[in-house]
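Let's take a walk through this one together. Have the sequence and the 3D view open side by side.

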Amino acid sequence: SNFTILDTDDQLRLLKQLIEVEQLDPKRWPPRQLAAAIDRWKDRGLAPEKVPPGEGERFANGRGVILYKAYQERLKVLNACDFGDLLLHCLTIFANHGDILASYQKQFRYILVDEYQDTNVSQYLLLRLLAQGHKNICCVGDDDQSIYSWRGAEVGNILRFEKDFPGATVVRLERNYRSTPHILGAASGLINKNEGRLGKTLWTEVNDGEKVQVRGHWDGAEEARAVGEQVEDLQRQEQQLNEMAVLVRASFQTREFEERFLTLGVPYRLIGGTRFYERAEIRDAIAYLRVIAQSDDDLAFERIVNTPKRGLGNATIQLLHQAARGMGTSLTRTAQSLITGDDLTARARNSLRKLLENVDRWRGLVDDMPPDELTEIVLDESGYTGMWQASKEANAPSKLENLKELIVALEPFDKLGGFLEHVSLVTDAEMAQADDAVNILTLHGSKGLEFDTVFLPGWEEGLFPHQRALDENGLAALEEERRLAYVGLTRARTRATISFSAQRQMFGRWNMSLPSRFIEELPIEHIETETELG
């Protein structure tokens with residue numbers, strides 16, 4: 001009982017050591033990627049010897065399972081475990097020691113599980129082992145709200161409940177105390193298209209209320225303007241901003257709504273995320289632009305000097321700071337001086353020289369090139385975009401989406417200085433301090449919440465359902481995306497507005513958009529449209 005539980009940092013450090021022991025490059029095969037694979041195996045109750053052969057091939061040319069085994073052995077030597085082991089070891093002990101299992105079955109005579117649709121395979125196996133003695137188990141869940149497969153949740157657990165526990169009483173809680181009949185009717189008609197579900201008929205004693213609004217717009221900017229106008233209209237009708245929410249499928253969508261609300265002076269809060277211009281990758285990109293616009297901006301230069309990695313270690317950075325203080329000049333001017341002397345290593349001099357030459361060249365393009373095109377060149381030539389393209393971190397695709405959205409944000413500006421001034425005003429705004437503010441959050445982050453008014457933008461093919469999800473998991477992903485739409489709709493108490501755009505600027509390119517298939521699946525008697533659905 002005196003074992004140590006490793007946190008994420010300790011886990012990654014240990015995995016990096018094991019990767020290096022195998023003479024692999026941690027940059028090519030990041031510890032975080034291996035940790036994610038191991039977590040997925042443990043979520044499914046798979047010890048190293050039980051991992052299917054094909055799955056181990058995905059990391060380090062087939063050495064994933066070897067590293068997993070070495071990791072488990074190392075944990076044993078350290079008398080430590082990670083969070084996944086807390087379940088995995090219990091499963092192993094219960095499977096191999098019937099007397100211990102019987103003891104815990106006797107101890108836990110009654111088992112109650114909430115949010116059963118969000119359990120993973122390991123949790124499911126543990127529950128079955130504990131409950132098989134007395135069969136006193138009560139599970140509460142909604143299969144139509146299983147939206148977390150990407151973090152190990154298995155919807156099949158709740159779908160198999162009656163088969164796993166024959167004779168169990170099933171109570172369908174079909175009365176809804178939140179939403180109006182039209183919102184429930186639209187959501188129910190949509191989720192009925194899923195084949196993998198238990199099925200239920202929601203009803204309410206609430207009055208009919210408004211139909212779900214479906215609105216088509218020319219582009220994303222018009223969509224944001226329309227939402228802003230509706231928010232202001234409702235505010236004039238004395239509806240609290242706290243009772244309004246914008247629910248997006250992807251985090252990059254928040255920017256247009258953030259900027260629109262700032263323009264209107266409407267307070268907003270971003271729930272479960274970071275404001276667009278405060279995200280690390282956006283701050284990095286803007287730091288490059290600040291150095292180009294003002295060469296003596298030390299804070300910006302310090303942020304980019306070794307981002308991406310240029311072989312400039314802490315010792316070089318400290319020397320740069322010391323020299324700048326001694327000379328009484330900015331870091332950029334100090335660097336220009338140091339690259340002509342012998343205080344730095346040859347490698348550091350070459351790296352600094354190349355960066356300074358690039359910055360000078362980019363600065364020469366400022367007057368002749370639109371800021372969006374310049375930024376795209378800077379991010380490409382600096383290696384910053386390439387760094388995230390090569391990254392195997394789970395959030396790398398999201399960071400690339402945000403960088404491309406930054407290019408979109410630059411388009412309306414003729415001058416780089418104008419954009420940087422705009423960013424300063426945006427980041428200085430302290431509207432998040434307001435007690436009454438519109439909520440902006442992702443659909444995944446909205447589960448369990450409710451609001452009087454819900455806006456659901458971006459219901460377009462490729463964005464929602466998300467193309468990457470469909471490419472990776474096919475029909476299973478489509479059904480989970482539909483469950484996500486169901487969750488979004490049922491967050492609304494009295495008013496829901498779905499919107500889509502005929503064209504949307506995504507990832508720096510204008511794309512013609514088709515309305516989401518989910519819009520066509522909404523029962524016509526529960527919606528009002530302001531555009532042709534076709």
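Predicted model: local features only at pLDDT ≥ 70, side-chain atom pairs only at ≥ 80, totals over all residues.

Residues are numbered from 1 along each chain as its sequence is written, and side-chain values use heavy atoms, with hydrogens and water left out.

Start with the overall layout. The domain assignment gives domain 1 (4-87), domain 2 (97-164), domain 3 (183-267 + 434-531) and domain 4 (278-413); bounds like these come from an automatic or database domain assignment.

Now look for the sheet. Helices (H or I, at least four residues) and strands (E, at least two) are DSSP runs, numbered from the N terminus, and two strands pair if DSSP finds at least two bridges between them. Seven strands make an open, parallel sheet, in the order β7-β8-β6-β9-β10-β5-β13. Because β7 (268-270) and β13 (527-529) sit at the edges with a single partner strand each, one side of each has no neighbour in the sheet. From one strand to the next, the twist averages 20° (axes are lines fitted to C-alpha atoms, for helices over the stretch in contact, and angles run from 0 to 180 degrees between N-to-C directions).

Zoom in on the β13 end. Strand β5 (residues 212-217) runs parallel to β13 and is joined to it by three bridges. Val 212 is found opposite Ile 527 of β13. Helix α9 (residues 181-191) touches β5 and β10 (492-501), its direction making about 50° with that of β10. Helix α10 (residues 220-236) touches β5, β6 (244-248), β8 (438-442), β9 (451-456) and β10, and makes about 155° with the direction of β10.

How do domain 3 and domain 4 meet, and how far apart are their centres? Taken over C-alpha atoms, the centres are 38 Å apart. The contact takes 13 residues from domain 3 and ten residues from domain 4. The size of an interface is often given as the accessible area lost when the parts come together. Here, domain 3 and domain 4 bury about 1,100 Å² between them, 46% of it on carbon and sulfur atoms; that is the accessible area (1.4 Å probe) the two parts lose on being put together, summed over both.

Two salt bridges cross this interface, a salt bridge being a side-chain nitrogen of Lys or Arg within 4 Å of a carboxyl oxygen of Asp or Glu. Elsewhere in the list of salt bridges, Arg 255 pairs with Glu 405, with the closest N and O atoms 2.9 Å apart. By the salt-bridge rule the count comes to 36. Among them is Asp 82 with Lys 42, at 2.8 Å between the closest N and O atoms. That pair links distant parts of the chain, 40 residues apart: Asp 82 is in the loop between β2 (80-81) and α4 (83-96), and Lys 42 is in helix α2.

Most residues other than glycine have a negative phi, and most peptide bonds are trans. Thr 307 and Pro 308 are joined by a cis peptide bond, with omega about 0°, and Pro 308 lies in the loop between α13 (298-304) and α14 (314-327). The bond from Phe 464 to Pro 465 is cis as well, with omega near 5°.

Technical notes: Contact = heavy atoms within 4.5 Å.
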